[in-house]
Amino acid sequence: YLNGNLLTTIDISNNTNLILLDIQSNELSTINGLSKLNKLKNVNLSFNNFEDISIKNESIEVLLISHNLLKSIDTHDAVNLKNVLIILNQLTTVDFSSNTLLETLVISGNKLQNINLENNTRLTHLYSSSNLLTTLDVSKNHELIDMRVDRNPDLTCIKIQNGQNPYVIKSEYQELNIDCD
């Protein structure tokens, strides 16, 4: 735990036994050594100055990186990610196709226009409010329990499959439908 220390740089490459890393509320824009920690499960990088980040670590299951300046995030090599919180950033695109174990994705308050969740069949919670989504297809997400998609002004239809019945918070102009054109 190194919260609120005004850190501008950090190298964690020698801390190979770390399981949890919480360095929120600093002045970080990079982190060195993350890929070397094969026991690391939980990472909190929230409230920093990250503009882009690449998570090259297979052991990480929980990634919290909210309230940053993120314009890009690469989680391709973080194949065991289960929970991701990246609210209030500046992301316009994301790719979680390699994160097939993903259960919770909280990505509200970005600038996303599209998000492909086709490979995320274990997803149970999706919070994508306050983005710029124009389409959303959750028809492959059969385990979805809770979905929040309100405040996406150009998203009028959310594609689901017959039998899906998640708890949904949506805007009044949005509908769930098996056929969105």
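Student: How many disulfides does the structure hold?
Tutor: A disulfide is a pair of cysteine sulfur atoms within 2.5 Å. The structure holds one, formed by Cys157 and Cys180 with their sulfur atoms 1.9 Å apart. A word on the source: this is a predicted model, where local features need pLDDT of at least 70, side-chain atom pairs count only at pLDDT 80 or more, and totals for chains, interfaces and linings use all residues. Residues are numbered from 1 along each chain as its sequence is written, and side-chain values use heavy atoms, leaving out hydrogens and water.

Student: Which parts does the pair tie together?
Tutor: Strands (E, at least two residues) and helices (H or I, at least four) are DSSP runs, numbered from the N terminus. Cys157 lies in strand S11 (residues 157-159) and Cys180 in the segment after strand S13 (175-177), so the link joins parts 23 residues apart in sequence. The chain has 13 strands and zero helices.

Student: Is Cys157 buried or exposed?
Tutor: Buried means under 20% relative accessible area, exposed over 50%, and partly exposed in between (1.4 Å probe, protein chains only). Cys157 is buried at 14%, while Cys180 is partly exposed at 25%. Buried residues make up 45% of the 181 residues in the chain.

Student: Where does Arg148 lie?
Tutor: A charge sits over a ring if NZ of Lys or CZ of Arg is within 6 Å of the ring centre and within 35 degrees of the ring normal. Arg148 lies over the face of Tyr127, 4.5 Å from the ring centre.
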